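Welcome, and thanks for taking a look at this one with us. Please open the structure below and keep it in view while you read.

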Amino acid sequence: MPNIVVVGTQWGDEGKGKVVDLLAPHVNVVARFAGGNNAGHTVVVGREKYVLHTIPSGILHPGCRCVIGCGVVVDPGSLIEEMESLVQRSVTLDGNLFISKNAHLIMPYHPALDRASEAMLGKRRIGTTGKGVGPAYVDKAARVGIRMADLLNEGLFREKLELNVAQKNRVLREIYDAQTFSVEEILNQYLRYAGWLAPYITDTALLLSRWIDNGYSVLFEGAQATMLDVDHGTYPYITSSSTTAGGASTGTGVPPTRIHGVLGVSKAYTTRVGGGPFPSEMSGAIAEEIRARGHEYGATTGRPRRCGWFDAIVGRYAVRINGLDTVALTKLDVLDQCETVKLCVGYRYRGEVLTEFPEDENVVAEAEPVYEEVEGWRAPTGGAKNEADLPAKARRYLERLEELVEVPFCLISTGPQRDETILCEDSPLLRWFPSVRSSLT
Ligand code: IMP
């Protein structure tokens, strides 16, 4: 049974939640491998809308096991809130949710450090979600982080907490002139969380290995996206985890040799939240229109997203860095009213046209987009059941995108509902999950 990674190819919010939700009935396990509650995966099922931050979207499918891997940083208060809201909506967690013992905890001082650091960075601030994700990964790399397993050992938890609070309070007080924290308050709060979470905390790398031995199929659910990856993204305007396909291995303990393919999710245009370079960014009325039509506001923070045209340089870079086999293209319908649709096919930099994404942050910051323009289709794409039902000009746009990114598309999404999805002809998905055809047509 195939084990497949799903990653975002742009700056996040591509619609990975919907794609994972569509594929979840065809796999046995969905595993998250990076990020924390900075992510917001929106899934619409009939009239119900679910926004998941830490729990994999597979949880909405009875019988689908969901893993929060060691690469994820977990805010236990936010996770418990999410669990309670799912239980209230009759979603079964017991026997379906498994949290890695090695996943690091977001502690109350992490969001405080996140906010203080952003304030100090001034115009160079990242525009983080303020959830403490970056500082939690800092502690992980600095080897002072507190992990899920520590929650289950009160003595060890207290010892690690005391060391951390002493150090963080000094930094908060002396560098940032910010409020400090009390060990006892955090201890009491986190021991209550431990009572809630204990039944779900386990050695998920071992479980995944056994499940794969037994023929289970695993979908690795990426959070954030390629251009926000700590190594491969637009550093320093990135998140602090490995959000690209390689992260699926390190973030779950499943070796690369047991992973069979990678699916990228792209929007038919581009968005970005927070600071940092964005060569194909739109401005003026068209940006407003796309933002309104695409409901481009952060699922976690509610911030308006910056909108831009599809960037084929970014698309091809994502193919290379993740080894994408195929791309699911989402939100095509948002472009339905556009008179013309632009496509970024190169970056002009000091008289040269670049066709590969530049690693140098100064080059990206100065890059001017080179656009190709296609005529808009000015007709609804929502409700199309197959590619042939799409307006001819929309089909031409898709063909051009496919040609530029150099991998075949597998799905085209034309709305938030599960049934607003087209399975592409010869979709590479069928090689992995033949039963997708009957569920989507
Ligand atoms: P952090 O992950 O909160 O540290 O934020 C770092 C950068 O990643 C900021 O630009 C955020 O807006 C961006 N970011 C983090 N999570 C998401 C997401 O789920 N979607 C889009 N952008 C995100």
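## The ligand and its surroundings

In the ligand site, an N or O atom in the side chain of Arg303 sits 3.0 Å from an oxygen atom of the ligand. Please keep in mind that you are looking at a predicted model.

Which residues around the ligand come nearest? There are 16 residues around the ligand, and the nearest are Asp13, Asn38, Thr129, Thr239 and Arg303.

## Two domains

The protein is split into two domains, and domain 1 is made of two stretches of sequence, 4-95 and 203-440. Domain 2 covers residues 104-199.

## Where the domains meet

How many residues of each domain are in contact with the other? Domain 1 contributes 29 residues and domain 2 contributes 20. Between them they bury about 2,000 Å², and 64% of that area comes from carbon and sulfur atoms. On the domain 1 side, Val73, Pro76 and Tyr237 supply 26% of the area buried against domain 2, more than any other three residues.

There are polar links as well. Six residue pairs, with both partners at pLDDT 80 or more, are in polar contact between domain 1 and domain 2. Two elements give two or more residues to the side of domain 1 that touches domain 2, namely strand E6 (73-74) and helix H2 (76-88). Of these, H2 gives the most, with six residues. Sorted by class, that side of domain 1 has 12 nonpolar, 13 polar and four charged residues.

The two domains also share one salt bridge. Arg124 pairs with Glu361 in a salt bridge whose closest N and O atoms are 3.9 Å apart.

## Backbone points to check

Two spots in the backbone deserve a look if you plan to work with the coordinates. Most residues other than glycine have a negative phi, and most peptide bonds are trans.

Asp13, one of the residues that come nearest to the ligand, has a positive phi of about 65° although it is not a glycine. Asp13 is placed in the loop between strand E1 (4-8) and helix H1 (16-23). The other spot is the peptide bond from Tyr235 to Pro236, which is cis, with omega near 5°. Pro236 belongs to the loop that runs between strand E10 (218-221) and helix H9 (246-250).

Definitions and conventions: Residues numbered from 1 in each chain as written. Predicted model: local features only at pLDDT ≥ 70, side-chain atom pairs only at ≥ 80, totals over all residues. Heavy atoms only, no water. Domains from an automatic or database assignment. Contact = heavy atoms within 4.5 Å. Buried area = accessible area lost by both parts, 1.4 Å probe. Salt bridge = Lys/Arg side-chain N within 4 Å of Asp/Glu carboxyl O. Polar contact = N/O pair within 3.5 Å; in protein donor to acceptor, adjacent residues only side chain to side chain. Helix = DSSP H or I, 4+ residues; strand = E, 2+ residues; numbered from the N terminus. Nonpolar A, V, L, I, M, F, W, Y, C, P; charged D, E, K, R; others polar. Near = heavy atom within 4 Å.
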